[in-house]
Amino acid sequence: MTPMRHSVSDDRLLAYAAGALSSPEALVVATHLWMRPQAGAFARRLEAVGGRLLEDIPPEPLPADALARVMARAETDAGAAVPALPLNDMPQLPEPLRRHALGPWRWMGPGVRVRDVLGPRAGDCRVILLDIQPGRVMPRHTHGGVELTCVLSGAYATDDERFDKGDLEEADQETLHQPRVVSDEPCLCVAALDGQILLDGWLGRLIQPFIRL
């Protein structure tokens, strides 16, 4: 498949198909794939290949009491209804995000607010929504760990790249950038963030204690 601009990297896509990504990263990648059907179709093909490989693995014998244990569990669970997850209060979100509860919006500065996507977490890695007004510029920063950002609406640009709706940016400790919203509408993004962003320069270090995502 020809790589698409600002799509998930091959390594991360393979990890996603294998179920090896952390739950926060997997949710952001799933959102990106939902918005990019072509990339999503390729991910499903990778999952199918993985399934065929599993079929070729020689079977292992089950314990002698395996059937009895399964039947006992079935009797215990009989009649237990699984409640449907409630939809959150943002109907414009892509389907992978719709069934996750959301925390309250928090003010992060003029024209910038953030809210937590509750549930998916792995150590310090969690999922957030960022809503940034047109023309706003984020502080120049790098990262304490991996940062995956998928644009849900609007667009932002860094020094040399532009990210539009459905685009995915993969950043890490080696990335130093200063996103700015370049669309006429607010830019709404979902991000898997490992640790905190690390602000650049003396001014960044001065205000770092007050910037918590």
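The predicted model contains an open sheet of 6 strands in the order β1-β2-β3-β10-β5-β8, with antiparallel pairing. Strands are DSSP E runs of at least two residues, helices are H or I runs of at least four, and both are numbered from the N terminus. Two strands pair if DSSP finds at least two bridges between them. β1 (106–109) and β8 (168–171) stand at the edges with a single partner strand each, so one side of each has no neighbour in the sheet. From one strand to the next, the twist averages 25°. β3 and β10 run antiparallel and are joined by 8 bridges. C125 has D194 in β10 as its bridge partner.

Residues are numbered from 1 along each chain as its sequence is written. In this predicted model, local features need pLDDT of at least 70, side-chain atom pairs count only at pLDDT 80 or more, and totals for chains, interfaces and linings use all residues, while side-chain values use heavy atoms, without hydrogens and water.

α2 lies across β2 (112–122), β3, β5, β8 and β10 and runs at about 35° to β5. Angles run from 0 to 180 degrees between N-to-C directions of axes, which are lines fitted to C-alpha atoms, for helices over the stretch in contact.

The largest nonpolar core has 24 residues. Such a core is a set of buried Ala, Val, Leu, Ile, Met, Phe, Trp, Tyr and Cys residues joined through side-chain atoms within 4.5 Å; buried means under 20% relative accessible area (1.4 Å probe, protein chains only). α2 gives the most to this core, with 6 residues. C150 is among the residues with the most contacts inside the core. Beyond its neighbours within four places in sequence, C150 is in contact (heavy atoms within 4.5 Å) with residues including V28, M35, L168 and V190. A second, separate core of 15 residues includes M108, V112, Y156 and A191.

Conventions: Buried < 20%, exposed > 50% of the residue type's maximum accessible area, 1.4 Å probe, protein only.
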